[in-house]
Amino acid sequence: IKQKKRLMGDTKHFCPISLKENFVLCPGLQEHAAKYKDKIYYFSTSEYRDKFLKNPEEYVAHNVPLQAPPLRVCLLGIHGAGKTTCARQIADKLGIFHIQFEEYLQELILPKTKRKVGPSFDEDHEDDNKIPEELEDFSQTMTKTETEKSKQKVELTDVEKAIKANLMDNMELPPKVLDKIVPDWWKKEPFRSTGFILDGFPRTSDEARYLSKRGLCPDIVVYIQVEEDDILNRLFPPHLKKWKDRRHKKKEYKKKLKELKAKKRV
């Protein structure tokens, strides 16, 4: 016996409420289905189903088809896999935004920290190369105003402290902090109507669950898998160069310090 094919609604198996109110294609569930004008609609929650049934005409297509949201991509992979390079090329080709998650976090606290934070950046700001206070008068590298500014303490908000802890010690960002960052890419302009490729998020299973609970569904998730030897060959040379540069700076520092001490004795 031939079964009659189900006549699906305008949004097919996606939730029409999520599309209309959040401009997100969120998969609906069979247990939250409803029938309207001989068409089957699926909803992501029972609350959305009940909301639809109260005023279905607000969520169905009339004279023109419903507009689909732009492309939203999550690009994942281990450090050194080439996510950022690929993301830039994809964003340029598709005309969507490229959001590098860690870089975005840095920009949020940069006005207060004045420099990027994290293990790789802290190496460039070691206190080993700091001129002792008793020799500062002989140093031309820092003015009095700059010295005073560098000693001023900057108070970070709770959100900024959480972001800094994440960048410094890889502490997981709590949902209340993510709420102030992530939903804007789905719900606010210019990201809402243009689309984006999100580079480096989600990074953990908790962050993936966070997206699911908030109904922030990417259209596609791409994971870049790279052999360890390839990553080593890619990352080792620049790290070695950085180490040599720091070593050279330390030698220059010791030479300068020796000159300042000799000048002070005179």
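Student: What percentage of the residues in the protein is buried, and what surrounds His32?

Tutor: This is a predicted model, in which local features need pLDDT of at least 70 and side-chain atom pairs count only at pLDDT 80 or more, while totals for chains, interfaces and linings use all residues. Residues are numbered from 1 along each chain as its sequence is written, and side-chain values use heavy atoms, with hydrogens and water left out.

Of the 266 residues in the protein, 32% are buried; buried means under 20% relative accessible area, exposed over 50%, and partly exposed in between, with a 1.4 Å probe and protein chains only. The protein has 12 helices and six strands, which are DSSP runs numbered from the N terminus (helices: H or I, at least four residues; strands: E, at least two). Among contacts with a separation of 6 or more, 69% join residues 24 or more positions apart, a contact being heavy atoms within 4.5 Å.

Within this setting, His32 belongs to strand β1, which covers residues 29–36. His32 counts as buried because its relative accessibility is 16%. Apart from neighbours within four places in sequence, the contacts of His32 are Tyr41, Tyr42, Phe43, Ser44, Thr45, Ser46 and Arg49.

Glu228 lies in helix α12, residues 228–265, and is classed as exposed because its relative accessible area is 65%. To return to the question, His32 is buried at 16% relative accessibility, in a protein where 32% of the residues are buried.
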